[in-house]
Amino acid sequence: MIHISSQFDSGNIEVVAADRADAIRLRIVKDGAADFFQWFHFRVSGAKGVPLTLAIENAGAASYPKGWEDYRAVASTDRQHWGRVETGYDGTTLTIRHTPDADAVWFAYFAPYSLDRHEDLMARAQARGVARAERLGATLDGRDIDLLTFGSGPKPLWVIARQHPGESMCGWFMEGLVDRLLDPYDPVSRALMAQATVHVVPNMNPDGVFRGHLRTNASGANLNREWREPSLERSPEVFHVVQRMQATGVAMCLDAHGDEALPYNFIAGYEGVPDVTEAHLAPLARYKSELARLTPDFQIEHGYPKPAPGQGNLTTSTGHIANTFRCAAMTLEMPFKDTANNPMPEVGWSPQRSALLAGHCLEAMLVMIDDWEAGL
């Protein structure tokens, strides 16, 4: 008997019909208090050796339907190794075809990064004696908002991720970043922590992650539109991080995200903040160039259109931080698909590649340590 379930950490699917393995009908569930939807994560049991055809019937009405073009879903039988599987999209329905070699198989939009794994990351960081682990406050569901602090140098650098919970590659990115900072033999990490204090928020939206949301927290707030006026009632996650940033100052902030449609790693900046100057923008351009030099997985040709000066969105983290602290702030976007400029078709963009990119981001931060200043 085939059975489909999603009542677990980050699960999301509605079963329309599952009486035939070759004609399973599914729908993605919207975020709890908002209309966003695209993230899916579910388990199929009793499927060993059974050719499955899984049709997600409302894919064409999802938040970013362009994201389904040239996309392949991921599947795993051990929840550790995720591979791409046959996937097609006809403009309305996303169809996944796969024959599992085990009784239970998990499918997802991207390899999930669970809250349990986040807890393990926090515990590992604390146990090494390198990072200072701290609880900034609570989410609306009562979950912890965690901060890790590395080093004691004079430059306050910030890295945050998973404002949008469905962008699970950011969890893997943060794991790679934290593990690199924890390595006592890594010369880049040691030098960076001697010259900077690195503040890391690995998961900005634990409620949304657990609930299986794409973009919002428990109240339905898109956290990356809450930075100008965050509140404890609607967006405590941003409120508490902003409070700490005001106490530490910010010389540079990198906010990790995922883009559904574009098959590239790229950085969106703060060209649109009021009264922006060439001196203010110079570190942004240099950082992108340094990162492209360090890894072929990153590129600077493709990305979002740059807003005109004064036309930027100051409700986002990048806009708010760059404008408030007059520093370099940037949004790193990673793909759900593969990198068109440096493809690996068998895995696409993956947890491992996300973690490696994080290490290169730290290398670029160190190369530019003298460029990170507030008040530009």
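This tour moves through a few selections in the structure above, beginning with a serine, passing to the cysteines and ending at an aspartate.

The model is predicted, so local features need pLDDT of at least 70 and side-chain atom pairs count only at pLDDT 80 or more, while totals for chains, interfaces and linings use all residues. Residues are numbered from 1 along each chain as its sequence is written, and side-chain values use heavy atoms, with hydrogens and water left out.

Select S10, which sits in the loop between β1 (3-5) and β2 (14-17); strands here are DSSP runs (E, at least two residues), numbered from the N terminus. With 4% relative accessibility S10 counts as buried, a term for under 20% relative accessible area, whereas exposed means over 50% and partly exposed in between (1.4 Å probe, protein chains only). Beyond its neighbours within four places in sequence, S10 is in contact with W39, H41, P112, V209, F210 and G212, where contact means heavy atoms within 4.5 Å.

Next, select C253 and C327. The closest cysteine sulfur to that of C253 belongs to C327 and lies 7.4 Å away, too far for a bond; C253 itself is buried, at 2% relative accessible area. Moving to C361, the closest cysteine sulfur is in C170, at 11 Å, again too far for a bond, and C361 is buried at 0% relative accessibility. Taking a disulfide as a pair of cysteine sulfur atoms within 2.5 Å, the count comes to 0.

Finally, select D35, in the loop between β3 (24-27) and β4 (41-45). D35 is exposed, with a relative accessible area of 60%, and touches K30 and S63, residues up to four places away in sequence not being counted.

How values were computed
Helix = DSSP H or I, 4+ residues; strand = E, 2+ residues; numbered from the N terminus.
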